[in-house]
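User: Hi! I'm new to reading protein models. Could you help me with a few questions about this one?

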Amino acid sequence: ASLAQGEHPANPLVKYQVEHWTGKVEKLIDTPTGVIGHQVNSVSGKSEENARGSSSALTLRLLAEIDREFASRQYELWNKHFVTTQFGLPAVREYQKGTVGFGDVDSGPVIFGIGFAATIVAIADLAIFNNWIAGHEQFTTIHAFGFSWNTKKEKKYLLGQVPMADAFIAWGRASSLKYVPRKYLYFGFPIFNNFTKYSLGISLLLGFAIWRLKK
């Protein structure tokens, strides 16, 4: 990504390295989903572990800056096999649909099949590949459940206990805003996404319950 976005991407040597690498990677993909594998053999390039949500979300973010056409094809496959909803809210699976697995140091917690790291990084992926409304909805969900803590100078999620989460949320959000149509940056995003609808519904139910109890 650094070479492709550097000062001399048209340099013949740089261009060759980038095109050679992307061409070789695409030819060696051998996972059931067609998405770049989570772990590959360093010599043969063959997959040693099938694609997973955390690594593919991160790969897509960088691949978009290396080879947009290749990245777009990968995005379509990733979106088909990993992007989902949980309780009506947007999320990304750590393991492809129809399979199960456990969390590890790469994925973070995996709850009901949803990978925390994958879901966070996908804020950027969705926006980059022209689904910025979904990216914003994903951010609002993460923002609400991330137990954010604000001061005048900074914001921390998960009570500031996981700095890497803060870094990835900030990176994902900054990346996604780059692709949002300018009118929405000035006048705001669509308000009634699924998260706000559910929040409003729950708030009304709780308010009604409290009102009935007081009577």
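This is a predicted model: local features need pLDDT of at least 70, side-chain atom pairs count only at pLDDT 80 or more; totals for chains, interfaces and linings use all residues.

User: What makes a group of residues here a nonpolar core?

Analyst: The members must be buried residues of nonpolar kinds such as Tyr, Trp, Phe and Val, joined through side-chain atoms within 4.5 Å. The largest such core has 23 residues, and Tyr75, Trp78, Phe82, Val92 and Phe129 are those with the most contacts inside it. Because core members must be buried, each of these has under 20% relative accessible area.

User: Which elements give two or more residues to this core?

Analyst: They are helix H2 (53–63), helix H3 (68–81) and helix H4 (116–128). H4 provides the largest share, with 6 residues.

User: Which residues is Tyr75 in contact with, leaving aside its neighbours within four places in sequence?

Analyst: Leu60, Asp125, Leu126, Phe129 and Asn131. These count as contacts because they have heavy atoms within 4.5 Å of Tyr75.

User: Which residues does the second, separate core include?

Analyst: Among its 6 residues are Ile120, Ile123, Phe139 and Tyr157.

User: What share of the protein chain is buried?

Analyst: Buried residues make up 36% of the 215 residues. So that share has under 20% relative accessible area.

Conventions:
Residues are numbered from 1 along each chain as its sequence is written. Side-chain values use heavy atoms; hydrogens and water are left out. Buried means under 20% relative accessible area, exposed over 50%, partly exposed in between (1.4 Å probe, protein chains only). Helices (H or I, at least four residues) and strands (E, at least two) are DSSP runs, numbered from the N terminus.
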